Amino acid sequence: MKSREHKVTTYNPREGIYMVRSPIRASSTGNNVYTLWLNNKSCSCGKWQTYTLPCSHVLAVCRENGYKTDTYVPEIYSRQTYRRTYQANFHPVLSENFWRDVPFNLTFYPPNMKKERGRKQGKRFQGEMDYRNLDSPPRCGRCCMPGHNRKNCNNPGPSNV
């Protein structure tokens, strides 16, 4: 239904390049332009590459040019593949009364859920600012001079007036 409202413009039919414009909706959305590469099986909306199923833009191009849409659907989604998947005979599982005893003992224990003490440490992604430049020496936190730290600083700090 959605593909019927799209407007298709052919750019290069030999290479399979088309432009598809979506209609303007009542909610002031739409009127978007998408580029479709039919031979490469890709669309600028990204849905065809993500889901491997043709998006509405592909269906609009196929409808406009009389192409079969089945050629752009992967074989894994075809009716033949679906029928081959379920053509084997399946037998129902019998009641537990008919199950045979096994020669080993299966015992399942609950996982160890002991809560650790203290506050849980957060997992933060480190960025560019978290790493010190190795070319410059460390600086004092009090006087900002290189070569020593706050603990062994002899300089008086900046005066707070």
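**His6 and the sheet**

Reply: His6 lies in the segment before β1; strands here are DSSP runs of E of at least two residues, numbered from the N terminus. This is a predicted model, in which local features need pLDDT of at least 70 and side-chain atom pairs count only at pLDDT 80 or more, while totals for chains, interfaces and linings use all residues. Residues are numbered from 1 along each chain as its sequence is written, and side-chain values use heavy atoms, with hydrogens and water left out.

Me: Is His6 buried or exposed?

Reply: His6 counts as buried, because its relative accessibility is 4%; buried means under 20% relative accessible area, exposed over 50%, and partly exposed in between, with a 1.4 Å probe and protein chains only.

Me: And what does His6 touch?

Reply: Leaving aside residues up to four places away in sequence, His6 touches Val20, Arg21, Ser22, Pro23, Ser56, His57, Ala60 and Arg63. Contact means heavy atoms within 4.5 Å.

Me: What does the side chain of His6 make with the side chain of Ser56?

Reply: The two side chains make a polar contact at 3.0 Å. That term means a pair of N or O atoms within 3.5 Å; within protein, one must be able to donate a hydrogen and the other to accept it, and residues adjacent in sequence count only if both atoms are side-chain atoms.

Me: Changing topic, in what order do the strands come in the sheet?

Reply: The open sheet has four strands in the order β1-β2-β3-β4, with antiparallel pairing. β1 (7-12) and β4 (42-43) stand at the edges with a single partner strand each, so one side of each has no neighbour in the sheet. Two strands pair if DSSP finds at least two bridges between them.

Me: How many bridges join β1 to β2?

Reply: Five bridges join these antiparallel strands, and Val8 stands opposite Val20 in β2. β1 and β2 form a hairpin with four residues between them, and Gly16 in the turn has a positive phi of about 75 degrees.

Me: What about β2 and β3?

Reply: β2 and β3 also pair in the antiparallel sense, over five bridges, with Met19 opposite Thr35 in β3. Four of the five residues of β2 are buried, so β2 is largely enclosed by the rest of the structure.

Me: Where is Ile24?

Reply: Ile24 is in the loop between β2 (17-21) and β3 (33-37). Ile24 is exposed, because its relative accessible area is 63%. Beyond residues up to four places away in sequence, Ile24 touches Thr29 and Asn31.
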